[in-house]
Amino acid sequence: MRLPWEEREHTRTIKESGEALLRIINDILDYSRIESGRLQLEKAPFSPRETVGTVVTLLSRMANSKSITLTSEISKEIPPQLLGDAGRLSQILMNLVGNAIKFTQKGTVTLIVEPVTGPSPVKHLRFRVRDTGIGIPVEKLGSIFEPFIQADASISRSHGGTGLGLAISNLLVNLLGGSLQAKSTPGTGSEFSFDLPFATRTSHQNLSHPLPMRLDKTFAAKHPLSILVAEDDNVNARLTRLILEKLGYQPDLVADGRAALDSFHANHYDLVLMDLHMPRMDGIEATKEIRIIQETQLSTHKTRIVAFTADVLPEERQACMAAGMDDYLTKPLAQHKLCEVLRQSASLLGKTSKI
């Protein structure tokens, strides 16, 4: 039954308020983990060009909705592969580019990547996010990286946000070996920049992770799986769907644990990518229910359940395994790790094809 207009508006307001609250909670948890030193960094092979391309793709709809031109400029001198934490780099760029779009009413936002040193075992890259937005007063530039601080009290009313995005980005840049800088002219625009060191791959190096592959649709043909993604965060859900579709999969997406359970009842997937913290029913409870269904029905079909979690603490991992999960993926999602989970799942389920 279709709700009356007024009730639809109330429902949408409740939904948007809940999403805003969840973003605040996630920001606070992120900041707490980083500040307490509990965040573990990766050193894995990744493609800088693909990382930047994914950020631009995910935020293009946000830019288009404001008629803002979002572009990237990547120097031809950037190596195709480097070693570093691509997930945390993506998180920084998503924060900075998202902020730039939010505070730009018209014009452009540009993400620029360029080398700052010559060939060596360590490659330094400079990342710059430039916009034609409202700008920041000179007297406020010194405090914008502090938690819960925004340049003007009116900003939180007109643009929203927790004031944690820049603080989190600053901490992450510092952890990765750089320093986040800002310069701005009120009414003209701003530029945020940082340099980061990345190791270069040598021919004798024994990599612990496979090189990130190009996203082509032959992967799904070689590793056929029916996939359910249970994720309530829109950005994470879009990123996961984008990668899976470019690999040739057609995943089903749901936004809470109860919907995941209902969808599993109808389809009995090969693989469920399960967020841990969702409304109505969390990922732990949904996993337990799925395992009960399989035991009750004496199912011979073993569904692989892989947790999506931003937490890397041992107790969180233990809770996942105790609930009946098979593996976990940390957020922000690393493309090569998702590919490895897909490959391993197909192999364990006997679905790997030799084509």
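Which residue just after α11 takes a positive phi? It is Gly350, with a phi of about 70°. Please bear in mind throughout that this is a predicted model.

**Helix α11**

Select residues 335–348, which form helix α11. This helix of 14 residues reaches 20 Å from its first C-alpha to its last, close to the 20 Å expected at 1.5 Å a residue. Next, colour its buried residues: Gln335, His336, Leu338, Cys339, Val341, Leu342, Ser345 and Ala346. Keep Leu342 highlighted, as this residue returns at the next stop.

**The nonpolar cores**

The largest nonpolar core has 63 residues. Within this core, the residues touching the most other members are Val97, Phe194, Ile227, Tyr249, Leu273 and Leu342. Now select helix α3 (residues 86–102), which supplies the largest share of this core, nine residues. Another core lies apart from it and has 22 residues, among them Phe264, Met278, Met281 and Ile290. In soluble globular proteins, nonpolar side chains tend to be buried together.

Centre the view on Phe194. Beyond its neighbours within four places in sequence, its contacts include Leu89, Ile92, Leu93 and Leu96. Leu125, Arg126 and Phe127 are also among the contacts of Phe194, as are Val173, Ser179 and Leu180.

**Strands β4, β5 and β7**

Show strands β4 (residues 108–115) and β5, which run antiparallel and are joined by seven bridges. Strand β7 (residues 189–199) also runs antiparallel to β5, and nine bridges join the two. Select Leu125 to see both pairings: its bridge partners include Pro115 and, in β7, Leu196.

**Arg130**

Move along β5 (residues 122–131) to Arg130. Leaving aside neighbours within four places in sequence, Arg130 is in contact with Thr108, Val109, Thr110, Ile112, Ser190 and Glu191. The side chains of Arg130 and Glu191 are joined by a polar contact of 3.1 Å.

**Salt bridges**

The structure holds 11 salt bridges. Glu285 is partly exposed at 36% relative accessible area, and Lys288 is partly exposed at 37%.

Then select Asp326 and Arg291, whose side chains meet in a salt bridge of 2.9 Å, N to O. Asp326 lies in the loop between α10 (314–323) and β12 (327–330) and Arg291 in helix α9, so the pair ties together parts that are 35 residues apart in sequence. Arg291 counts as buried because its relative accessibility is 10%, whereas Asp326 is partly exposed at 22%.

Which residue forms a salt bridge with Asp326 at 3.8 Å between the closest N and O atoms? The residue is Lys302. Lys302 sits in the loop between α9 and β11 (304–309), and this pair links distant parts of the chain, 24 residues apart. Lys302 counts as partly exposed, at 40% relative accessibility.

To finish, select Glu114, Arg128, Arg130 and Glu191 together: salt bridges that share partners join these residues into one network.

Definitions and conventions. Residues are numbered from 1 along each chain as its sequence is written. This is a predicted model: local features need pLDDT of at least 70, side-chain atom pairs count only at pLDDT 80 or more; totals for chains, interfaces and linings use all residues. Side-chain values use heavy atoms; hydrogens and water are left out. Helices (H or I, at least four residues) and strands (E, at least two) are DSSP runs, numbered from the N terminus. Contact means heavy atoms within 4.5 Å. A polar contact is a pair of N or O atoms within 3.5 Å; within protein, one must be able to donate a hydrogen and the other to accept it, and residues adjacent in sequence count only if both atoms are side-chain atoms. A nonpolar core is a set of buried Ala, Val, Leu, Ile, Met, Phe, Trp, Tyr and Cys residues joined through side-chain atoms within 4.5 Å. Buried means under 20% relative accessible area, exposed over 50%, partly exposed in between (1.4 Å probe, protein chains only). Two strands pair if DSSP finds at least two bridges between them. The expected span of a helix is 1.5 Å times one less than its number of residues. A salt bridge is a side-chain nitrogen of Lys or Arg within 4 Å of a carboxyl oxygen of Asp or Glu.
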